[in-house]
Amino acid sequence: VPTLRNMFLKSALLSGRQEAEESQEHSLNDVHLMLHSQNTLHDYSQYLAMGCALWTELEDLKNSAGWEYKANLAALSKKYIVPERGRKKNAWLWVVLRNAVYDRLAQSELELFEPEDVDLSTDIDLDAERSAPPPPAAQPADDAKVDDGVRGDAETGSASTAIASAGVILRDTSMLQHVLLRCYCLHVFPTFIFSPEYAALRTELLTAETRSGVYESLEVELESLRSTCPRTSEGWLALLLVAVRYLPQAVVVCDASLPGLPIVGVNVGFEAVTGFKADQSLGKNCSFLQGELTEKKAIHEIREAIRAQVCCNVTLLNYKASGQTFLNFLSMTPIFDADGLCRYFVATVTEVQERFSGTKPQLRQADRLHKLLPTRLSWRSDEAARRRMSGVVRETRPVERRGALSSSSSSTSLRSASGRRTRR
């Protein structure tokens, strides 16, 4: 199964890359984290290649055992998990989703990568050398152990003392696989399903000399994917809302064809960050997150971005359901249908932490989502939406669209919660 999965992934990623790159406007393409640690943001192709590399390394992991297995697992965690999770106190959303949602999806997958001679409950030093076992006296102190993940300089992704259990690393890795698949299914996989590469792969499966039940199962799954691909922009919206539901990043979607740019979908991350449940948010304009201290300049930038129907980023002060303020780095991507009509605005909410390093994992996840989103869909909107938008010059009125989502120029800086500004 992993071999066929890798073949499928590589075909999908390669076939989806060219078309997506031609239509993609990277909303965070100009972001540079001027920090001491390595920049964790990547371009579109790197995010695609990450999926192939992760599955390849997981496949190689099964060929190791004992100390070599632990060392390889530690290296995998430093490379993939630490940048995704970040510091423990800022990884609460990741941990909650992993325990409540992704662990239930992971049980059969963990069995594929669990060697018999490794105790998954033991701690692993993420900075140990891969070529040699640890010395007898290298056992970490009890207070250095972290049950829910990594610690030390994990908040910055730098190489320093960090301890995690093998079982937790595998659980986080399984969650990351599902997160990546949810991002890829928004554009890369649908592009692949209707590409020549898909036809070639299916022919290869049908004509394979050695066939098994696995091949037949994969055929069924591929045809199922094809039959469930969206046929309209509304179908793509339904796919989007399912895919982002449990992403460890706050996401909000607005319908540009309706008066007032109302919210038509939020995910669990949005509910957790803002405190507003879905039923309290749907149908409203995003201005309900604003208050007396929300910057007028940011609101103006938002309106102008919506008028121009362009990608944008902005930092502004918003309010949670409790009344508490938080500094919000909001990123927005417009989605156009096959007729060139702006149908949706997809935005991510990133709460800027007191220490900017605590914001990096969330910024990375927002960056990846926006870069993997299609800016132009291959499907038309339904007749009702086309009637609403045909021949209408959409203008943003201050009362109707106040503060809907985000905007910024490349010179905008990202502030910490204390008011300090970190240049991008």
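Is the crossing of H2 and H5 left-handed or right-handed? In this predicted model, the crossing of the two helices is left-handed. Helix H2 spans residues 44–61 and helix H5 residues 166–184; their axes come within 11 Å and cross at roughly 145°. On the H2 side, the contact is made by Tyr 47, Leu 48, Met 50, Gly 51, Leu 54, Trp 55, Leu 58 and Leu 61, which meet Leu 170, Thr 173, Leu 176, Gln 177, Leu 180, Leu 181 and Tyr 184 of H5. By class, the residues of this contact comprise 12 nonpolar, three polar and no charged.

Arg 98 pairs with Asp 172, with the closest N and O atoms 3.0 Å apart. Because Arg 98 belongs to H4 and Asp 172 to H5, the pair ties together parts that are 74 residues apart in sequence. Both Arg 98 and Asp 172 are buried. Helix H4 covers residues 92–112 and includes Trp 92, which is partly exposed at 41% relative accessibility. The C-alpha atom of Trp 92 is separated by 9.5 Å from that of Pro 248, although the two residues are 156 residues apart along the chain.

An open sheet is formed by five strands in the order E4-E3-E7-E6-E5, with antiparallel pairing. Strands E4 and E5 are the edge strands, each pairing on one side only. On average, and with direction ignored, neighbouring strands of the sheet are turned by 30° against each other. The antiparallel pairing of E3 with E4 runs over three bridges, and Cys 254 stands opposite Ile 263 in E4. Two helices contact this sheet. Helix H9 (residues 233–244) lies across E3, E4, E6 and E7, running at about 15° to E7. Helix H13 (residues 360–372) touches E3, E6 and E7, and its direction makes about 165° with that of E7.

Most residues other than glycine have a negative phi. Leu 261, in the loop between E3 (250–255) and E4 (263–266), has a phi near 50°. Leu 261 is buried, its relative accessible area being 0%. Gln 309 lies in the loop between helix H12 (296–308) and strand E5 (312–319), and its phi is near 55°. In contrast to the buried Leu 261, Gln 309 is partly exposed, with a relative accessible area of 28%.

The structure holds 14 salt bridges, among them the H4–H5 pair described above. Arg 343 is buried at 1% relative accessibility, as is Asp 255 with a relative accessible area of 7%. A network of salt bridges links Glu 84, Arg 364 and Arg 368.

Key: Residues numbered from 1 in each chain as written. Predicted model: local features only at pLDDT ≥ 70, side-chain atom pairs only at ≥ 80, totals over all residues. Heavy atoms only, no water. Axes fitted to C-alpha atoms, helices over the stretch in contact; angles between N-to-C directions. Helix = DSSP H or I, 4+ residues; strand = E, 2+ residues; numbered from the N terminus. Left-handed = near helix turned anticlockwise from the far one by under 90°. Contact = heavy atoms within 4.5 Å. Nonpolar A, V, L, I, M, F, W, Y, C, P; charged D, E, K, R; others polar. Buried < 20%, exposed > 50% of the residue type's maximum accessible area, 1.4 Å probe, protein only. Pairing = 2+ DSSP bridges. Salt bridge = Lys/Arg side-chain N within 4 Å of Asp/Glu carboxyl O.
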